[in-house]
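Subject: Handover of a structure

Dear colleague,

Please find below the structure that I am handing over to you. My notes on what was found in it follow directly after.

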Amino acid sequence: MSLTLDRFSIIACIRYVLFLFILGLSANAQEKFSLSGSIKDIDNNETLLGVNIIVKELKTGTVSNAYGFYSITLPEGTYTIQVSYLGFETLVEAITLNKDIKKDFLLKPLSELLDEVTIVDDFEQQNIRKPEMSLNRLKQSTIKQVPVVFGEADVLRSIVQLPGVTNAGEGSSGFNVRGGSADQNLVLLDEAVIFNSSHLFGLFSVFNPEAVKDLKLYKGGIPAQYGGRVSSVLDIKQKDGNNKKFQGEAGVGIISSKLLLEGPIQKNKSSFLVSGRATYAHLFLSLIDNPNRAYFYDFTAKGNYVIDDKNKLLLSGYFGRDFFSLDESFQNIYGNSFINLRWNHVFDDKLFSNMSLIGGEYVYDLDLDFVEFSFRSGIQNLNFKYDFNHFISDHFQLNYGFNGFYYIFNPGTIEPKGEDSGINADQLTKKYAIEPAVFISAEHKLTDNLTAEYGLRWSSFFRLGQELNVYENDLPLTYNEDFGIYERAEPIGTVNEGRSNVISSFNNLEPRASLAYAFNNSTSVKASYNRMAQYLHLITNTNSPTPLDVWTPSGPFIEPQTLDQFAVGYFRRLKGNKFDFNVEAYYKTVNNKIDFIDGANLIAADAIEQEILNGEARSYGLEFMLKKNTGRLNGWIAYTLSRSEQRTPGRFENEPGINNGEWYLANFDKTHDLSVLGNYKLNDRWDFNVNFTLRTGQPVNFPVGQFSFQGLTVPIYEGRNRDRLPVFHRFDVSATYKPKANKNRKWNGYWNFGIYNVYNRRNAVAINFEENRITGQNEAIRLAIFGIVPSVSYNIKF
């Protein structure tokens, strides 16, 4: 939905903001004082986010923000302050509040034994009462416990074990949330947008688990500070670096190795963190004279400098590349990179801000030696953002800010290789766009049992001038009724607008609201609604992203996607907080979902509008999760029952659209999805982990018949996604062995052993139909990527 910003909209927004301030300030009728500061790890001064600060006498509290800052305003008096965080000892301290006090709390990590048997989300009583829902949070230790292929801990392979999260199968890139496509996920690494989250076509993610500090996955009830995608937000924060002492981690596995180093630059003032990973399986291929190559490397660096009590600078960067080649005739190179400069500033005991300037790039290149040309494409973006956290009272908090993106899209540069190449050099038309947004949201404790989070986001998108095709009746596609197919329309001319001109603009008002009603400290019900807009589109006709897919901005022929999602949930803590149980139901609709026409050519398409039609999508489902949080045996059971569909009707009465305009299963529909994750700590030396996955097969199309034409057998298909691949299921195990620590040695090591796909299930990623040359009969051939895969790795900490 596109909106026009007029005088009445501005007045309504101003009234809404004033209403929020009045509500918040009404709680300050009597004299109060503020307790504020930062929460840190006592061992390394890492700031801790999401820490619970509870005032026992008033049964109220707050949570530290994304940078470890907290603030709470209370009446004058003496209070017992309890500070608790997963994996750390709970700190209890009495504080007399008769003036504004700045107080930093330093938490001590739990002993190794206790830390290993505690798992996943920090759902203390405060979280039961908070209105956040459809949110999963994973710690670094949890990510490392999930058995995966080749034994390498992986972020994306961990989150697909959560309810509502799937992928397109083994060897697939990205992930799908509540039936959405992979490009509908906003993936952030230290606030920078990641356009492709996978290495080696999905075997690894681009995130180094050793450097991960915090991971949050929002599937619904998404706060107003996030925007630009319509399905989910994966927000990953990396560690800042130890500013007390030098330390590191390293690991060597079957096909990859990794290294992380961190330490102080100036003790207690500044620190650094560097990490790197690389695979070397291609080296073994050369030993057996295999000319094919496939490998990746990535590098992460971060530094921070504490200027004073109110100011802190952080600089972080990432660079990663994948290389894939076949017999030296085909080479594919792709990857992400970014650099981010941030400034944290504390204005006073109630107002915190973060300013970021981020430059990023995603490149995807091809060298095709067998046809003697190269293809270069990519996206560049520059992002400026400024966010504020305003702790007005212990019952009311405001978050507000703005951000703006500038994009340069290069759909393709074609360069001939060699003097005898028959390919002409060409530059596909570059695209430029600006995407600004402002937001405001409030966290409001309405009563002792009722808490709300509500806000607004105003997003805009301006497509800047370029050369554009002009079509008769503005229709880049025509429908041939005689043949029953869509055909590309011939342009009747072109227009060339300067880059300073806006050729298309969109505005969207995106309300967000979440509500939680707590019956007691163990039980609550929650509801949420969020509307979101997405202005960038991934043009693909595969089930999972590939390096050849093309990102394109909204514009004259492509409308932005808009989503409306409703969710309700029941949350319960059982047996003295040993177990967590929750169930959520959701329903969401997406307008302007792009689909490709039959026979679409998406590679090196200079006029992408000639290959696509706009449609709609809908998803609904139930998610269940039971977690055991403590003890030697812990883990979770997650089950999702869902349906995801898509429809692309014709533009006019004489057009059938796609699939005759009827609803059909989306590529990412999984009716049933079951995940079981278990972790058992036998003793101080041995840990065992198991993982079982069972889910409905991917929607596909099988031929319904065939005909012969000039000696060729041509299959006949009907409709879209009317069949499915076989049911997917797999069982994995892993074990970690820690030898007895040598007190005279400055480092300690541990072994990790794993078996991926224990019973050697050949899960199909595709089924191809071929003619048996001996019998002459058609046969269905199952294509599978992995059977049973054993692994071993050795890791050290120093």
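Which residues does Val55 touch, not counting residues up to four places away in sequence? In this predicted model, Val55 touches Thr60, Gly61, Ile72, Leu74, Tyr79, Thr80 and Ile81. Val55 lies in strand β2 and has 0% relative accessibility; because buried means under 20%, Val55 counts as buried. Leu35, 20 residues from Val55 in sequence, is 11 Å from Val55 in space, C-alpha to C-alpha.

Strand β2 belongs to an open sheet of 4 strands, whose order is β3-β2-β5-β6 and whose pairing is antiparallel. The edges are held by β3 (60-63) and β6 (91-97); each has a single partner strand, so one side of each is left without a neighbour in the sheet. On average, neighbouring strands of this sheet are turned by 25 degrees against each other, direction ignored. Between β2 (residues 52-55) and β3 there are 4 bridges, in the antiparallel sense; Ile54 has Gly61 in β3 as its bridge partner.

Strand β28 (residues 431-445) has 11 of its 15 residues buried, so it is largely enclosed by the rest of the structure. It runs antiparallel to β26 (residues 396-416), to which 14 bridges join it; one of the partners in β28 is Ala437, which is bridged to Asn403. Strand β28 also pairs with β29 (residues 450-464), again in the antiparallel sense, over 11 bridges. Here Lys445 has Thr451 in β29 as its bridge partner, and a hairpin of 4 residues joins β28 to β29.

Yours sincerely

Technical notes: Residues are numbered from 1 along each chain as its sequence is written. This is a predicted model: local features need pLDDT of at least 70, side-chain atom pairs count only at pLDDT 80 or more; totals for chains, interfaces and linings use all residues. Side-chain values use heavy atoms; hydrogens and water are left out. Two strands pair if DSSP finds at least two bridges between them. Helices (H or I, at least four residues) and strands (E, at least two) are DSSP runs, numbered from the N terminus. Axes are lines fitted to C-alpha atoms, for helices over the stretch in contact, and angles run from 0 to 180 degrees between N-to-C directions. Buried means under 20% relative accessible area, exposed over 50%, partly exposed in between (1.4 Å probe, protein chains only). Contact means heavy atoms within 4.5 Å.
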